[in-house]
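Dear colleague,

Please find below the structure that I am handing over to you.

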Amino acid sequence: MSYNVIKKTFDLGDGRMIEIETGKLAKQADGSVVVRMGDTMLLATVVSSIGAKPGTDFLPLSVDYQEKYAATGRIPGGFLRREARLTDYEVLISRLVDRALRPMFPEDYHSDTQVMISLISADKNIMPDCLAGLAASAAIAVSDIPFNGPISEVRVAKIDGQLVINPYMSDLERASLEFLVAGTESDIIMVEGEANEISEKEMVEAIEFAHQAIVIQVQAQKELTELVGKTTKRAYSHEISNLELKDQVFANTYDKVYTVAKSGSAKHERTERFAQIQEEFILSLGENVDADTLFLAKKYFHDVQYDAIRNLVLNEGIRLDGRDSRTVRPIWSEVGYLPAAHGSAIFTRGETQSLTTVTLGAKSDEQLIDGAFINGHQKFLLHYNFPGFSTGEVRPNRGVGRREVGHGNLAMRSLKKVLPGDENPYTIRIVSDILESNGSSSMATVCAGTLALMDAGIKIKSPVSGIAMGLITDETTGKYAILSDILGDEDHLGDMDFKVTGTEKGIVACQMDLKIHGLKWEVLTKALEQANEARLHILNEMKKTITEPREDFKPHAPRIVTLKIDKEFIGAIIGPGGKIIQEMQRETGATIAIEEKDNQGIVQIFADNKEAIDKALTRIKAIASKPEIGEVYEGKVKTIMPFGAFVEIMPGKDGLLHISEIDWKRFETMDGVLNVGDIVKVKLLEVDKQGKLKLQGVS
């Protein structure tokens, strides 16, 4: 069989090459490509239905990224030994690609569309996530699916003071900032990442640097499209229209909607009044309204809300709840609300509320990460829950959704930057339960998480706060408004959703999604500056509740003692088949973990009471300590010999107490002087070259 294989290769700018290949694999998909960098290869496919389902007024797009274990030469764990549901890591990459692609499809294109990206070969030093957006866009580019792209995604990091595109995995540990940035040839679409308390200026510089690389990748896709010959896209007609009805909806409802929007009423009241206006208009159409008219009336009413709310902000500077563009909603918080938790906090900002807990665990509580590309252990966990009642909805609990994974990850990125380093022995789990939501519950999670960590006594480096920013623009007049602390409706109706977290010193994480083209860099800079103002305000409000971590953990919180020993004692503590360490855990009630690190043995003793820790500590020290010359020990007589006695001063460590060293007086024989099992005080006099111990009696 012959293949019409077409390839396009380009340079990242530093001699590293990326290749896009099409025409060889998955040819029955509407579009398919293989993107390769080093030994890392991604297969991306896209399929889109020809028609659209009746009554659909959105793009039913699904994006799935999956890593094949064979790509890294591994067999999956678990009972089935095959790839199962997507891991959180795969879900996060799927979301990153989805957020970059979705705004680029035509607004009136409503066909079911599926993008699938598979890691089919992996270079363990080349991360595949920064290539996933490029692969997905290239697959669409070589298809006939309507698309206002191409787009691409890159990772930008600052390593040793230099900005780098798609750095090697081994270099990321030294990065002071790391962002995944998506964009078109002219605009930025999406940003997500973390940093070590950087300035707003440094962040903008990194995004601009990333965009330069994106331009090169977009151009390569355009050239590939020309080579394939897919410059003409399929014709479609997915929306019915009735301009007369549209004019009627606007004429009858716009002023009413504008009045409600300007009233500053609460979320539920506002929602009910909007619904009432819509219902009144539909009733005015008569009883025999056909399904198409009803569908269009609701669609046009949504357009009325969109225009009225945006015009209210742009023309009068008034928002749905009556605030101006910079004001943050009222904040109250409380710590220690849950008496049995190791740390807890409530954070409420307007109609958004998080109840967050901190739980401290041992090394055995670490999460095992068993992915195809990334595996190991994780000692900091953050879980975010978003139940239906938080927005007044009836919604069954069917497990964690992609949105919850994504929002939790943003909060986790933020808080891990301020956790203590190696001096923190605990596995830490934070759980944020959103009890109310009307605007950025992920940022409430960051604030509540900070308060709960301080309540738990975790010595964080600095408190972190977060804020969600919005943007409303009018391309005709050039007007724009940057909104601090956006509501849910402002997120839905705005042109930008921009979340940024940080300490007093600088930014630690961000997430940005743009829904418009042509955002100017100065507008982005102003948004960041306004966000900084809001973040500092929120931090000051948080400090009214607690200013710094508690001096000690809660009385009921578990304690961990870390002990460093010579690695030669690791085996002795564990014992044959784990016998010794298991016996110590059983008899003391403590949990003991031991590992070798930096050519030393690191022992962690974990218990919820001091007595158990002290018992375990004494027994471990007895095994792992080296006898010191001049020290006095209480030892047990193990053996009597004619010339003296052998005394055990430490487990497994016997020394000779010579007959001449037992006392100041002279003994002619050992008969009756000492007996096996006697406890005697002895001083260590000497350790000879063979390691033999010489003891002296102490009266």
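Asp160 is exposed, at 56% relative accessible area. Please note that the model is a predicted one.

The partner of Asp160 is Arg174: the two form a salt bridge whose closest N and O atoms are 2.9 Å apart. Asp160 belongs to the loop between strands S7 (152–159) and S8 (162–165), and Arg174 to the loop between S8 and strand S9 (175–183), so the pair ties together parts that are 14 residues apart in sequence. Arg174 is partly exposed, with a relative accessibility of 43%.

A search of the whole structure finds 51 salt bridges. Two further pairs may be of interest to you.

Glu200 and Arg535 form a salt bridge, with 3.5 Å between the closest N and O atoms. Because Glu200 lies in helix H3 (residues 200–228) and Arg535 in helix H10 (residues 521–543), this pair ties together parts that are 335 residues apart in sequence. Is Glu200 buried or exposed? Glu200 counts as buried, at 17% relative accessibility. Arg535 is also buried, and its relative accessibility is 0%.

The side chains of Glu596 and Lys567 meet in a salt bridge as well, at 3.9 Å from N to O. Glu596 is in strand S23 (residues 591–597), while Lys567 is in the loop between strand S22 (559–565) and helix H11 (570–574); the pair therefore ties together parts that are 29 residues apart in sequence. Glu596 is exposed, at 52% relative accessibility, and Lys567 is partly exposed, at 41%. Elsewhere, salt bridges with shared partners join Arg99, Glu192, Glu194, Arg413, Lys416, Lys417 and Asp513 into one network.

The strand that holds Glu596, S23, is part of a sheet. This sheet is open and consists of three strands in the order S22-S24-S23, with antiparallel pairing. S22 and S23 are its edge strands, each pairing on one side only. On average, neighbouring strands of the sheet are turned by 20° against each other, direction ignored. S23 and strand S24 (residues 600–607) run antiparallel and are joined by seven bridges. Which residue of S24 is the bridge partner of Lys597? The partner is Gln600. Finally, helix H13 (residues 610–624) lies across S22, S23 and S24, and runs at about 5° to S22.

With kind regards

Technical notes
Residues are numbered from 1 along each chain as its sequence is written. This is a predicted model: local features need pLDDT of at least 70, side-chain atom pairs count only at pLDDT 80 or more; totals for chains, interfaces and linings use all residues. Side-chain values use heavy atoms; hydrogens and water are left out. A salt bridge is a side-chain nitrogen of Lys or Arg within 4 Å of a carboxyl oxygen of Asp or Glu. Helices (H or I, at least four residues) and strands (E, at least two) are DSSP runs, numbered from the N terminus. Buried means under 20% relative accessible area, exposed over 50%, partly exposed in between (1.4 Å probe, protein chains only). Two strands pair if DSSP finds at least two bridges between them. Axes are lines fitted to C-alpha atoms, for helices over the stretch in contact, and angles run from 0 to 180 degrees between N-to-C directions. Contact means heavy atoms within 4.5 Å.
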